Amino acid sequence: MDSHQPKTQSALHVMPGVEGGHDGLPCQNTQTCESKLPEIQRLSLTPQDYAEGILSGDRTLLARAITLIESNSASHFIKAQDVIKAILQKTGGSIRLGITGVPGAGKSTFIETFGTYLTGLGKKVAVMAVDPSSTVTGGSILGDKTRMERLAADPRAFIRPTPSGGALGGVARKTRETMLLFEAAGYDAVIVETVGVGQSEITVRSMVDFFLLVLVPGAGDELQGIKKGVVELADAILINKADGANIVSAQTARLEYERAIHYIQPATEGWQTVVLTASSLTAEGIPQIWDSIQSFVTSTKTSGAFNRRRQTQERDWVRAIVEDHLLDRFYAKQEIQQLLPVLDNAVMNGKMSAAIAAQKLLETFESNRSDK
Ligand SMILES: Nc1nc2c(ncn2[C@@H]2O[C@H](COP(=O)(O)OP(=O)(O)OP(=O)(O)O)[C@@H](O)[C@H]2O)c(=O)[nH]1
Ligand SMILES: [Mg+2]
């Protein structure tokens with residue numbers, strides 16, 4: 001039996017990521033990559049079969065198409081691109097939501113409550129996570145199953161951890177392509193969660209329409225502890241855990257953020273970043289978040305900002321794929337791998353300038369290009 005095939009129709013079955021020595025683009029070393037081909041290749045489903053399954057809402061085929069996208073093998077890459085080509089006309093219909101926040105802010109609990117609220121409204125919800133720290137066997141969502149128990153068992157929801165074991169660029173490509181599959185399968189909201197550390201929140205911002213920053217009420221200066229830059233990416237700031245003894249501090253935090261955001265550039269042209277309070281435990285304030293998202297969609301679609309952002313994202317995505325691919329080829333070169341530590345050493349010891357070291361590396365790359 002296909003080991004990647006879910007045993008049940010429940011999204012509780014969270015599938016493992018696909019291992020590979022690459023960060024997302026097709027593997028160039030066919031020997032190492034093809035030998036690890038998952039069993040899906042043995043199944044002779046055509047791209048058309050996948051596309052039809054996805055469009056008809058078949059969860060098993062959707063899951064298998066995602067596995068195809070996550071694969072690092074060259075043949076899977078080609079097939080996955082054919083699947084995407086076949087469904088592309090049916091994509092773009094969802095609202096793409098990014099969620100970030102410090103560890104423990106309650107992102108997963110929020111997604112559980114918010115997602116369940118949406119499925120209660122009859123919407124279909126997909127959840128993914130871009131987690132730079134996760135291992136090959138699963139993203140943070142795996143450990144989070146208990147926090148998303150209701151949503152994971154909900155037939156209107158589909159939870160999928162983003163494949164890991166690679167650079168952010170590769171993970172980003174797979175996440176974006178998976179998003180397209182969800183859209184073709186009729187999901188109304190696609191949620192991408194990421195921990196607000198490093199680059200990942202910028203990557204997620206670049207693939208979503210609406211970006212939500214989840215914060216917790218804390219003592220003292222509310223702006224401490226999170227990077228100001230993250231606030232600038234957000235279309236809404238949610239002060240979560242506004243329940244019990246936290247209610248007053250949550251209101252205080254809300255006022256502080258409302259004041260603070262007047263001094264920063266809004267993340268989306270024509271949209272004033274909103275600050276809200278909610279409790280993901282009691283669901284108090286959760287409907288208001290959806291209301292805000294809907295206002296955002298209406299106003300940015302009317303102004304044209306919504307579509308302009310999507311177009312820019314597509315264009316930037318092309319650049320990002322090219323850059324990732326070139327970087328990957330560069331660092332995969334044996335000559336570069338040999339030279340790099342030597343030059344690093346020389347630069348660190350002040351024996352060579354950075355510009356000269358870079359020039360040597362680029363010259364080595366150019367003179368060893370196989371495509372000349
Ligand atoms: N009182 C209260 N506790 C909450 C709320 N939301 C989450 N929590 C608790 O906060 C803790 C962390 O919640 P998570 O949902 O795991 O937080 P997270 O942001 O996903 O954390 P990471 O995945 O580690 O980044 C858990 O113990 C939750 O039960 C809330 O609205 N109110
Ligand atoms: Mg979490």
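This is a predicted model: local features need pLDDT of at least 70, side-chain atom pairs count only at pLDDT 80 or more; totals for chains, interfaces and linings use all residues.
**Ligand 1.** I looked up the surroundings of ligand 1 and found that 17 residues surround it, with P103, G106, K107, S108 and T109 as the closest. I then asked which element gives the largest share of the shell around ligand 1. That share, 3 residues, comes from helix α5, which covers residues 107-120. Sorting the shell around ligand 1 by class, I recorded 9 polar residues, together with 4 nonpolar and 4 charged ones.

**Helices α3 and α4.** Next I turned to a helix pair, keeping in mind that two packed helices are described by the angle between their axes and the distance between the axes. For helix α3 (residues 59-70) and helix α4 (residues 74-87), I noted an angle of about 130°, with the axes 8 Å apart. Because angles over 145 degrees would count as roughly antiparallel and those from 65 to 115 as roughly perpendicular, α3 is oblique to α4. On the α3 side I listed A65, L68 and I69, which meet H76, K79, A80 and V83 in α4. The residues of this contact divide into 5 nonpolar, 1 polar and 1 charged.

**The whole protein.** Stepping back, I counted 15 helices and 7 strands in the protein. I noted that 41% of its 372 residues count as buried. Among contacts in the protein with a separation of 6 or more, 76% are accounted for by residues 24 or more positions apart.

Terms used
Residues are numbered from 1 along each chain as its sequence is written. Chains are lettered from A and ligands numbered from 1 in the order in which they are written. Axes are lines fitted to C-alpha atoms, for helices over the stretch in contact, and angles run from 0 to 180 degrees between N-to-C directions. Helices (H or I, at least four residues) and strands (E, at least two) are DSSP runs, numbered from the N terminus. Angles under 35 degrees count as roughly parallel, over 145 as roughly antiparallel, 65 to 115 as roughly perpendicular and the rest as oblique. Two residues are in contact if their C-beta atoms, placed from the backbone, lie within 7 Å. Ala, Val, Leu, Ile, Met, Phe, Trp, Tyr, Cys and Pro count as nonpolar, Asp, Glu, Lys and Arg as charged, and the others, Gly among them, as polar. A residue is near a molecule or strand if its C-beta atom, placed from the backbone, lies within 6 Å of it. A residue is buried if 20 or more other C-beta atoms lie within 10 Å of its own, exposed if 12 or fewer, and partly exposed in between; C-beta atoms are placed from the backbone.
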